[in-house]
Amino acid sequence: MRRTLAALPILIALVFGAFFLWGLNPDRDPNAIPSVLISQPAPTFDLPPVEGIGVPGLSRENLIGNPEPVVVNVFASWCVPCRAEHAVLTRMVERDGIRLFGINYKDKPEDARAWLDNLGNPYELIGSDLNGRAGIEWGISGVPETFIVAGDGTVLYRYVGPIVGADAEAEFATALAQARTKIGANS
Amino acid sequence: MRISVLAATLTLAMLPFSAGAVEPDEILDDPVLEARAREISKDLRCVVCQNQDIDSSNAGVARDLRLLVRERLVAGDTDAEVVDFVQARYGDFVLLKPPFKPETYPLWLAPGVFFLIGTGAVFTVLRSSRKRAVEGTLSDDEEGTIAALLDDEAGEKS
């Protein structure tokens, strides 16, 4: 009994030490919120097109039955990081041949139109989420956010913030490669 | 009289704080529903400015969630249904009071466990020190030896 009691302080110190080790890890982002959508079917939403750009709107049906994973990007013309991310997304569409769908979050149609005219439009479909309700369905906390959705409509991955910079792009490319092999393994 | 004036002044002074970030156009006409909405909003975390509830947050998403909460209430949802609706989209993280379930058992039970360990340790220490005190008393033989020694010493001094 006494011997176990003597070991108790060391045990407590070890438990606390493990917590500190975990808590002080510089790679850990305490602000990261785990998405409930991962491995879940894409949420129900049905968005009309942005007026005057000639690109169809986006709904849940567009995410189901695709031969390969698609990327859903939430963007807005008022979002400054989106401008930087736009170049990355365009490159991924042109170079890697990804299918990119957009959710235009709380954006005035004329602003969105001007933004896409100015920078070019990498999106195959764009849904206009004027009141942000589809954003809530996707559980977003801000713009930009990017999701990878499997061909059967299962959400595989979520990236919060702009995919800009070597680390972010590498992380996203890895997730996309994994999503593609997953589809290959299933079929 | 003076106290009532003071109370009235304080109430008025506190009014802006109690309003939180809720904007006039969000407030429901039905005061009962509005009160329920406020209570629900106080338990929902803003996902942008974390550690702030949506009731007091000025973030865009927080406003959207406040409107959503009110919309669900007007549609006839119970408080629990409204919270479930938001939780289904944003996860447990959105609840300022974590639910009691297997993943959160350590969170809820750790304080109790630590308290038990602490009281256990205190009791053990107290009991062992008392035992040591009892062991410290001398036998009759030893008392006799001491008395003899003291007597000797007293004899030498005189």
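The model is predicted: local features need pLDDT of at least 70, side-chain atom pairs count only at pLDDT 80 or more, and totals for chains, interfaces and linings use all residues. Residues are numbered from 1 along each chain as its sequence is written, chains are lettered from A and ligands numbered from 1 in the order written, and side-chain values use heavy atoms, with hydrogens and water left out.

**Stop 1: chain B domains.** Select 2-99 of chain B for domain 1, then 103-157 for domain 2. These bounds come from an automatic or database domain assignment. The C-alpha centres of the two domains lie 56 Å apart.

**Stop 2: salt bridges in chain A.** Over all chains there are 19 salt bridges (a side-chain nitrogen of Lys or Arg within 4 Å of a carboxyl oxygen of Asp or Glu). Pick Glu68(A) and Arg180(A): their closest N and O atoms are 3.6 Å apart. Glu68(A) sits in the loop between β2 (58-59) and β3 (70-75) of chain A and Arg180(A) in helix α5 (residues 166-186), so the pair ties together parts that are 112 residues apart in sequence. Helices (H or I, at least four residues) and strands (E, at least two) are DSSP runs, numbered from the N terminus. Glu68(A) is partly exposed at 26% relative accessibility; Arg180(A) is partly exposed at 31%. Buried means under 20% relative accessible area, exposed over 50%, partly exposed in between (1.4 Å probe, protein chains only).

Next, select Asp96(A) and Arg95(A), a salt bridge with N and O atoms 2.9 Å apart. Asp96(A) is partly exposed at 31%, while Arg95(A) is exposed at 57%.

**Stop 3: salt bridges in chain B.** Show Arg70(B) and Glu34(B), bridged at 2.8 Å, N to O. Arg70(B) belongs to helix α3 (residues 60-74) and Glu34(B) to helix α2 (residues 31-42) of chain B, so the pair ties together parts 36 residues apart in sequence. Arg70(B) is buried at 2%, and Glu34(B) is buried at 8%. Then select Glu23(B), Asp25(B), Glu26(B), Arg63(B) and Arg66(B), which are linked in a network of salt bridges.

**Stop 4: the cavity.** Select the lining of the largest cavity; among its residues are Trp138(A), Arg158(A), Val47(B), Arg89(B) and Tyr90(B). A cavity is a set of points on a 1 Å grid over the protein atoms alone where a 1.4 Å probe fits but cannot get out; lining residues have an atom within 4 Å of a point. The largest cavity holds about 60 Å³ of space, a volume being the space filled by probe spheres set on the points, which are joined across faces, edges and corners.

Technical notes:
On a 1 Å grid over the protein atoms alone, a cavity is a set of points where a 1.4 Å probe fits but cannot get out, and a pocket is an open set with protein on both sides within 12 Å along at least five of seven lines; lining residues have an atom within 4 Å of a point.
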